Structures are given as structure tokens and as C-alpha cells.
Amino acid sequence: MDNIIGNRWVATVASIWIQATMGGSYVFGVYSPVLKSSQSYDQSTLDTVSVFKDIGANAGVLSGLLYAATAASSGPRRWRCFHGPWVVLAAGAVQCFLGYFFMWLAVVGLIPRPPMPLMCFFMFLAAHAQTFFSTANVVTGVLNFPEYNGTIVGILKGFLGLTGAMTIQVYQAFFKGNQSTFILMLALLPTTVTFTVMCLVRISPGSRPDDKKYLNRFSVVALALAAFIMTIIILENVIEFQRWACLVTVAVLIVLLSLPLKIAIEATRNENTYRVLLEGESPAESVAATEEYKVLPSASDEIQPVEESMDIIDATCSLNFWLLFIAMSCGMGSGLATINNMSQIGQSLGYDIVKTNTLISLWSIWNFLGRFGAGYISDILLRQKGLARPLMIAISLATMTAGHLVISLGFPGNLYIGTILVGICYGAQWSLMPTITAEIFGVKHMGTIFNTIGIASPIGTYFLSVWVIGNIYDRQARNTNTCYGVHCFMSSFFILAFVSFLGFLVALTLFFRTRAFYKYVVLRRLHIL
């Protein structure tokens, strides 16, 4: 039984389920109207609350420190029960529940209306839980599949990219028109799922030649899920879904999300079969078989990093850290600034609300494709071509530059084409950055370091969204009393294109600086050289 419960494949399934339910920060637009009306907020106050959502969802340094202190160390025997990724997941679940629950209490009037700073704290707490979930799942995945870091991070981040769209389907089926109850669901669903499966998320590293086969099956499930959601989104904007159709949609989503468990059980049985064969062979045969299948230590063995890992202080003193930070500020910042202003852009181009909502909904699909595809493709380029992974960041930023330019030109269909390019490339940054962090700085303090780099996202977004797009749009609106046409945002997206191109140059510099490291360290670690 322990072979199943403490298995890296089952741990991956548990991580997928947690990732798939932690999307509260992605559906702020669904419940923000009732938050605004119940608390008598103006738009500026609501935007301030939203800023704390973005800060909480990206300021994950504490989650990284907690993971390093508890999950990857054995500690004294009497404290063993307080070690493991479950500690980080539990901390995230508590924050998620408290943040959304107190928000719900305020919205329905069960507690006195809290001061705006206190509501900002509730929002920060709820969103901050996301960093604890993501850190525990992603870092554990990297430790459990050391030879396919990009693929496993792409899968986990991909499911996170879909969580907003899936949560909206749950809202349509059970809570449509009842936004306050939806907030309560955001408090209960992720918390319940996390507490139910968090003990299955264990560090159990291993490596076998058929790992890629089963990881590919996880990928197929993720792609099928994305294709189904995209189909539903398009249909919902063409025909009106009845209640039964929404319920059927949620049922199909549950079935698709259960498929990874079947894959994990098959992979576990396969590994157990080889383990039994090894135990029944002679010592010489056992050594040969171990070489062939490269069975690594189980979860009970102490985990030793292959190379010396940097802590956060050492990492921030290196040029590579700041090159990656600046590249992410440019890429994540310009990408998130685009989606944050999608409604205004669509309005200025004369798009009706249906078209605009379709663009916003489909963003989660392009985001997923970027997160999933970048990890998968970068693994192929690294293992088969020996190309350092930062090259993928440079390619994605160059493509994002093209996407911003397409949006700025204003030809028919430009917004659809541009958002596809920008959405895919934005998602790619979130898949590539944690993987590169683990490879360059080591896995021991990976959670702390990649969450520190993640702060680049709200920093870049704030300056580009508020100081660039917001100021230029408001200036155009003041000059003409209304802002209609491509001139409202053309100069803004030329600036975003310049910023993402700057990020491309920085990422290219990181690629050239790390080529030798990837060749002589990372590829040898993967037993390729």
C-alpha cells in the first residue's frame, strides 16, 4: 500500500488536483461586482484591492522558505511528523480559507463592513495561498522527476493556467447570479481538496526510461481538457447554455480530471513489477537491471542534491539572477498588462461585450498552451539538441514582441492574433522560469529563489499597466472626450513591444552566459554526456 501512497506518480496526481482548484485569483472579475456594491467601493478602491491580489499571488518568498525548512530536510526524529510538502500545502489551505471566508462574511453582512486596508489584507491572504500551493507542488515535481524538469513543471503550471476557466464553469453550473456564494465556494473547495490529498504529495525521486511515456499521457489529458474547455467557451458565446448543459460540462471536467489517477496506477504497477524482478535476481543481474532502469532512491532515503545549491543570498549576488529577473519583468509584466487592459482595448475597437469576453476567456487557453508547451519543447531542445533552456525564454520574448506589434497595428482581427501570441508567450515564462531556477541555482532553495524572481511580474505589470497604458489611454480620452479607435493604444503597445524586445536581449545574454554550464553540468546531470 505504501508503494502507492508514497509514490511519485500518485503525488503528481494529487498536485494536479490541487493546482486545478486553486484559481480564485484568476476569477476576480466574477465576484468583484458584488464586492464593489456590498462595500460601497468606487472603481479606484476596487482596483486597490485587486493590486493586493496580484501582490499576494506573486510574493511567494515565505512559501519557499517554509518548503526549504520543512519539506526537504529530515530534522530530529521527534519532529519528523512536521516535515514534508504537506506542511506547505496546509499553510496555503489555511490562508485560502481565512482570506475568502472573511471576505464572504463581509459581503453578506455577517460581520461589520471592514475598513478598506483590512479587506486588502483578506484579498492578499487568499491570493497568497496560491504561492504555497504552487511552491509545494512544483518543487516536489522537480525533485521527483529530475530528468524531466521542464515537462513536469509544464504539466503542473498548465493545469494552473486552466484553473480559472474551470472555476468559471463551476460558477455557471451552481452559482450563476449568486456571486457571494461563489466567494464561499472559493474558501471551501481548494481547502477541502488540499486537506484531502496533501499527504499524498511526497518527495519520492526516481528515474526510469519509460517516465516520459507516462508524463506524455498526463500531457495528453491536459491537452484534452484544454480543447474541451475551449470548445465550451466558444459555444457559450454562440448559444445560451441551459442549467443541465452547465452541469454536464462540470461532470465531463471531473471525468477528465480523474484520468491522471488511472495513469498513475498503471505507472506504479509497472515500477512495482520491475522492483519485484530486481529483488528476485542475483546481485550481478540486479546491478545490471538497476543500470538499465536507473531506479533511484525512494522517499525514505535522504535526498542529496547533485550539485551544490545556492541560497537566496548567494543567488541574488549573481548576475544570472538579475538577468532572469529583468527578463521576467519585461515578459510577465507586458503580458499581464495586456490582459488587464483587454476590456478597454476591445471597447476602443468597437468589439461588443460577447467578443471581448470571448477574448478574455480564451486567454486562459493560450496561457495553458504556453505553460505546457514551453516546458515540453524546452526539454526536447535540451536533451536532443543540447540547447540551454534560457534560449526558449528568448524565443518566447521575441514572439511576444511580434504579438504586441500586431495589436498596435489595428488591422482586422489584430486583437485575436495578438492575444494568442502574447498569451502563449506569457504562459511560457511561468513554466520556464522555475525550471531554469532549479537548473542554475539548484533545487534545495528553488522555492525561495523562483518565488523571489516571481515578484518581477507585479512590478513590471504595475509600471506598464498604470504608468504606460493607463496614462496614455486617459490622455487620449481627455483630448477627445472618448477613446475610440486604434490610436487609443497604438503608442502603448509600441512601448510594450520595446519592453519585451529588451527582455529578449537580456534573455539572449543569459543564454550565452549559461551555455557552457548547461553543457558541462546540466547535461551531465541528465546522463546525456
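Colleague: Before we talk volumes, what counts as a cavity here?

Modeller: This is a predicted model, and the search runs on a 1 Å grid over the protein atoms alone. A set of points where a 1.4 Å probe fits but cannot get out is called a cavity.

Colleague: OK, how many cavities of 30 Å³ or more turn up in the whole structure?

Modeller: The search covers the whole structure and applies that 30 Å³ cut-off. With it, the count comes to three.

Colleague: Which helix gives the most to the lining of the largest cavity?

Modeller: That cavity has a volume of about 70 Å³. Its lining includes Cys96, Tyr100, Ala126, Gln130 and Phe133. Two helices, α6 (85-108) and α7 (116-144), each supply at least two of the lining residues. With five residues, the top contributor is α7.

Colleague: Moving on, how much space lies in the second largest cavity?

Modeller: Its lining includes Pro146, Tyr148, Leu382 and Val522. Both α16 (353-385) and α21 (490-525) supply at least two residues each. The space inside is about 50 Å³.

Colleague: How many charged residues line the second largest cavity?

Modeller: Go through the lining and you meet Glu147, Asp379, Arg389, Glu439 and Arg525. Beside the charged class, there are five nonpolar residues and one polar residue. The charged tally is five.

Note on methods: Residues are numbered from 1 along each chain as its sequence is written. This is a predicted model: local features need pLDDT of at least 70, side-chain atom pairs count only at pLDDT 80 or more; totals for chains, interfaces and linings use all residues. Side-chain values use heavy atoms; hydrogens and water are left out. On a 1 Å grid over the protein atoms alone, a cavity is a set of points where a 1.4 Å probe fits but cannot get out, and a pocket is an open set with protein on both sides within 12 Å along at least five of seven lines; lining residues have an atom within 4 Å of a point. Grid points are joined across faces, edges and corners, and a volume is the space filled by probe spheres set on the points. Helices (H or I, at least four residues) and strands (E, at least two) are DSSP runs, numbered from the N terminus. Ala, Val, Leu, Ile, Met, Phe, Trp, Tyr, Cys and Pro count as nonpolar, Asp, Glu, Lys and Arg as charged, and the others, Gly among them, as polar.
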